Amino acid sequence: MQRYSAFSLFRHGLSGHGGWRRAWRSPEPQAGYDVVVVGGGGHGLGTAYYLARRYGVGRVAVLERGWLGGGNTGRNTTIIRSNYLQEESQGLYELARGMWEGLSQELNYNVMFSPRGVLNLCHDEHELKGLRRRVFANQARGVRGEFLSSDEVARFCPPMRVDCPRLPVLGASLQRDGGTARHDAVAWGYARAADGLGVDIIENCTVEGFDIQDGLVRGVRTSRGDIGAGKVALVPAGHSGVLAELAGFRLPIESRPLQALVSEPVKPCLDTVVMSGAIHGYVSQSDKGELVIGGGVDSYNGYSQRGSPHILAGSIGAVCHLFPQFRRLRMLRCWGGVVDIAPDASAILSPTPVSGLYINCGWGTGGFKATPGSALAFAHLVAKGEPHPLAASFMLSRFSSGRLIDEHSAAAVAH
Ligand code: FAD
Ligand code: PYC
């Protein structure tokens with residue numbers, strides 16, 4: 001891999017920047033691999049990277065039906081935090097949050113991790129109690145979090161109106177080491193580093209079926225031909241149910257559109273992330289100056305990468321309530337992604353009823369923050385055939401044992 005540094009930037013500058021190599025190759029699919037990863041989002045590319053880097057798996061391919069990061073990885077609003085309620089989630093999300101701190105160095109690619117703090121607001125007494133409980137649960141297990149009174153919120157985030165008569169801000173949880181990162185860079189950084197370790201990244205390659213013999217997966221059928229595989233690792237987010245059906249089993253997953261939008265760019269005016277689950281709105285400011293705004297999921301299942309206009313209108317209304325000065329901004333663009341939601345709002349990293357076939361899904365509205373931890377834990381499961389210690393509770397078996405990991409209260413956006 002051609003390393004990026006201030007020196008290499010200077011050296012290439014002397015020759016007009018004509019000498020840079022492509023960040024990753026575009027290889028033709030080989031006849032077979034030790035592991036085929038399906039899905040070229042952050043989680044799939046990260047899985048391939050850790051399989052090669054940490055677990056020494058030799059022949060790995062990532063198959064992506066479109067372009068890298070064109071799924072939810074490139075459509076999300078980039079919020080990173082680990083302030084979940086349940087112990088199992090705190091372990092996995094905090095593993096990921098810690099990994100963000102060194103990810104740019106590990107990948108030699110700037111993922112622009114910005115720990116600018118994440119505020120979760122509460123607007124009534126009931127919510128306040130729930131949020132305090134979550135802060136205590138976080139503090140008890142070493143996840144950094146604190147509770148701010150209404151006055152403290154006003155001092156921490158001066159542009160926000162905390163005394164709005166209809167929706168007063170009674171307080172907020174604050175995770176100071178949460179923040180944002182650049183979503184595309186995460187996909188590109190993992191792709192480049194994985195490619196440097198010999199992983200074949202194959203775009204425009206849709207998996208259309210599986211070769212399963214006597215309950216054991218032997219390969220995948222794709223739009224670019226059949227590819228043999230010792231193991232297959234599915235990481236298709238909103239299309240998890242579609243791939244499970246092709247492999248002959250069902251998942252407890254609903255796929256729903258989730259939308260976001262950005263304003264025209266303005267000068268720096270908001271230096272933290274503000275979220276309110278109760279009024280279905282959240283906002284942060286990107287490095288380009290755009291306000292990044294999102295809201296709740298659509299109320300019906302679907303695969304459309306656009307959503308219902310009234311959901312967006314509601315989110316904009318909520319944000320303008322908290323920040324009346326944003327009312328005058330023009331909105332630049334909006335989009336949607338298809339998110340994969342499990343009944344307990346927690347992820348699934350698991351073997352499947354087909355031997356050699358593994359699945360990583362269910363991250364729903366909140367999987368971007370988990371990308372490095374999820375990818376590492378999934379690579380562990382696929383390479384060793386046994387769960388990573390921090391992900392052992394996230395198997396499919398929890399839906400028959402009843403040991404659910406209920407995170408509805410900690411999901412950032414209302415389901
Ligand atoms: P994806 O990036 O969706 O990758 C899956 C890939 O699989 C896709 O590229 C798809 O093309 C490919 N694929 C599917 N079927 C096939 C097939 N048959 N063959 C080959 N390839 C296939 N999370 C947060 O933590 N913070 C946030 O602020 C946040 N905001 C969000 C805002 C929005 C609007 C959306 C939509 C999501 C948000 N999320 C957020 C959730 C987050 O984006 C996802 O949980 C996460 O990005 C999932 O990553 P992934 O790599 O698993 O999926
Ligand atoms: O999970 O923190 C989150 C999140 C924020 C916006 C969408 N998801």
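1. Strands β2 and β8 (residues 200–202) pair in the parallel sense over three bridges; strands are DSSP runs of E of at least two residues and helices runs of H or I of at least four, numbered from the N terminus, and two strands pair if DSSP finds at least two bridges between them. The bridge partner of Ala61 in β8 is Asp200. The model is predicted, so local features need pLDDT of at least 70 and side-chain atom pairs pLDDT 80 or more, whereas totals for chains, interfaces and linings use all residues. Residues are numbered from 1 along each chain as written, chains are lettered from A and ligands numbered from 1 in written order, and side-chain values use heavy atoms, without hydrogens and water.

2. Strand β1 (residues 32–38) also pairs with β2 in the parallel sense, over four bridges, and Val35 stands opposite Val60. From β1 the chain passes through helix α2 (residues 42–53) to β2 in a right-handed β-α-β crossover (with the strands pointing away from the viewer, the path from the first strand over the helix to the second runs clockwise).

3. In β2 (residues 60–63), Val60 and Val62 on one side and Ala61 and Leu63 on the other are all buried (under 20% relative accessible area, 1.4 Å probe, protein chains only). In a regular strand, side chains alternate between the two faces of the sheet.

4. Ligand 2 makes polar contacts (pairs of N or O atoms within 3.5 Å). A polar side-chain atom of Lys369 lies 2.5 Å from a ligand oxygen atom, and one of Arg81 lies 2.7 Å from a ligand oxygen atom. A polar backbone atom of Thr365 is 2.7 Å from a ligand nitrogen atom.

Definitions and conventions: A polar contact is a pair of N or O atoms within 3.5 Å; within protein, one must be able to donate a hydrogen and the other to accept it, and residues adjacent in sequence count only if both atoms are side-chain atoms. Buried means under 20% relative accessible area, exposed over 50%, partly exposed in between (1.4 Å probe, protein chains only).
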